[in-house]
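Please read the following report with the sequence and the three-dimensional structure side by side.

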Amino acid sequence: MTLAEFYHDQLFNDCLPFWFPRSIDTEHGGFLHCFDGDGTLVDNDKSVWVQGRMSWMLLTLYLEYERRPEWLAWAENGLRFLEEKCIDPEDGRMFFHVMQDGTPVRKRRYAYSESFAAIAWAAHAAATGDRDSAEKARHWFDHFVNWNFTPGLMPPKFTGSRPMEAIGPRMIGLVTAQELIKHLGPDEALNGWIDRFLDDIRRLFVKPSLKVVMELVEPDGSISDHFDGRTLNPGHSIEAAWFILEEARRRDNDPELIRMACDMIDWMWERGWDTEYGGLFYFRDAHGKPVQEYWHDMKFWWPHDETLIATLMAHRMTGESRYLVMHEKCREWSFKHFGDPAHGEWYGYLRRDGVPTSTLKGSLWKSFFHHPRALWLCRQLSSE
């Protein structure tokens with residue numbers, strides 16, 4: 001079996017059948033997603049992130065693989081739920097967590113629900129030619145960047161005594177803008193945001209002297225020498241790296257962007273790969289000190305999905321064999337430990353030694369998104 005055939009088989013015969021059609025909520029609309037290992041529903045609450053993410057993933061398969069009517073219908077089921085149930089009428093922002101019928105449970109400070117809605121509406125516009133969907137994509141992107149980058153608009157998480165900047169909104173803004181350009185066409189404003197996000201990541205968060213990528217920094221890019229300020233998330237940085245590689249591809253293989261992204265992969269692989277048990281640690285400390293979070297040495301599913309994409313993309317773009325070695329090491333370990341041949345789909349959370357900590361396959365955080373996205377992109381990359 002070739003690598004492309006492997007990823008094709010995993011996506012269409014292992015992952016997708018786990019989620020569909022069981023995740024379609026025929027009573028209230030949207031997607032149910034909190035499933036146990038055998039597909040039993042363990043909670044009927046819904047994540048608003050998930051409604052946008054699953055709609056986007058279905059539309060991506062509809063656009064790039066096969067125009068199956070049920071994929072479009074299921075995605076539109078998610079988009080209707082987003083529009084009718086997940087927007088707070090008081091301020092126009094989206095909730096984070098709702099009940100099965102859409103009754104709001106929680107709205108968070110940040111605006112990631114809006115970014116995932118933006119990519120889903122953009123993909124729907126490409127699938128249907130619907131101008132209203134294109135406008136909704138632009139509306140939610142504008143909402144995301146306005147909320148995140150207008151000084152003083154987002155309520156602070158802490159007191160003002162130790163202001164910090166996060167890489168998260170930059171990297172999600174980058175990939176969201178890329179998706180809108182891909183589906184809606186060239187846009188100078190979106191390109192301007194991409195330039196800003198790349199500059200911020202390079203100038204503030206990438207630290208060649210320490211060979212690390214920071215999650216949080218002081219406003220001038222300095223490292224805050226405290227638990228939160230020193231914490232590294234290798235999987236998150238590697239995910240940001242492939243967003244940058246994608247931007248390099250969009251710019252005719254820009255060598256500077258490729259170098260920056262490959263440095264990020266190299267450094268965070270070195271920091272994150274567990275040489276004793278295999279897999280990627282969830283958190284590490286920039287100065288090698290103990291990490292405060294008690295789950296720091298666990299192995300989560302999504303960093304491994306992001307590493308599969310990043311290493312294969314780096315191999316394809318540089319030709320360097322070491323990235324294929326890294327990819328194969330991650331692939332072998334991940335499918336052996338996260339996989340469940342009996343019921344399909346990956347478990348979400350493993351102990352350091354690779355044993356699942358629970359049988360959960362879906363939650364407010366895990367759904368039909370990171371894993372199928374990695375399988376789809378790795379299938380594409382290994383077919384090139």
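## Aromatic pairs

W295 is partly exposed, with a relative accessible area of 27%, whereas Y294 is exposed at 70%; here buried means under 20% relative accessible area, exposed means over 50%, and partly exposed lies in between, with a 1.4 Å probe and protein chains only. This is a predicted model, in which local features need a pLDDT of at least 70 and side-chain atom pairs count only at pLDDT 80 or more, while totals for chains, interfaces and linings use all residues. Residues are numbered from 1 along each chain as its sequence is written, and side-chain values use heavy atoms, with hydrogens and water left out.

Across the whole structure, a search finds 38 aromatic pairs, where rings of Phe, Tyr and Trp (for Trp, its six-membered ring) pair if their centres lie within 6.5 Å, and planes under 30 degrees apart count as stacked, over 60 as edge-to-face and the rest as tilted. One of these pairs is formed by F96 and W365, which is tilted, with 5.4 Å from centre to centre and 45° between the planes. The two residues are 269 residues apart, F96 being in the loop between α3 and β4 and W365 in the loop between β13 (349–350) and α13 (370–383); helices (H or I, at least four residues) and strands (E, at least two) are DSSP runs, numbered from the N terminus. F96 counts as buried at 3% relative accessibility, while W365 is partly exposed at 37%. Both F96 and W365 belong to one aromatic cluster, whose other members include W49, W56 and Y110.

Helix α3 (residues 69–85) has 17 residues and reaches 24 Å from its first C-alpha to its last, close to the expected 24 Å, a span defined as 1.5 Å times one less than the number of residues. Its buried residues include W71, W74, L79 and F81, and among the elements that cover the buried residues of α3 are α1 (3–19), α2 (48–64) and α4 (112–128).

## The nonpolar core and a buried glycine

The largest nonpolar core has 127 residues, and F20, L61, I244, M264 and F368 have the most contacts inside it; such a core is a set of buried Ala, Val, Leu, Ile, Met, Phe, Trp, Tyr and Cys residues joined through side-chain atoms within 4.5 Å. Neighbours within four places in sequence aside, F368 is in contact (heavy atoms within 4.5 Å) with residues that include C15, F20 and L61.

G37 lies in the loop between β1 (34–35) and β2 (41–43) and is buried, with a relative accessible area of 7%. Leaving aside neighbours within four places in sequence, G37 is in contact with F18, D340, H343, T359 and K361.

## Cysteines

How many disulfides does the structure hold? It holds 0 disulfides, a disulfide being a pair of cysteine sulfur atoms within 2.5 Å. For C15, the nearest cysteine sulfur is that of C378, 13 Å away, and for C378 it is that of C330, 9.0 Å away. C15 counts as buried at 0% relative accessibility, and C378 likewise counts as buried at 0%.
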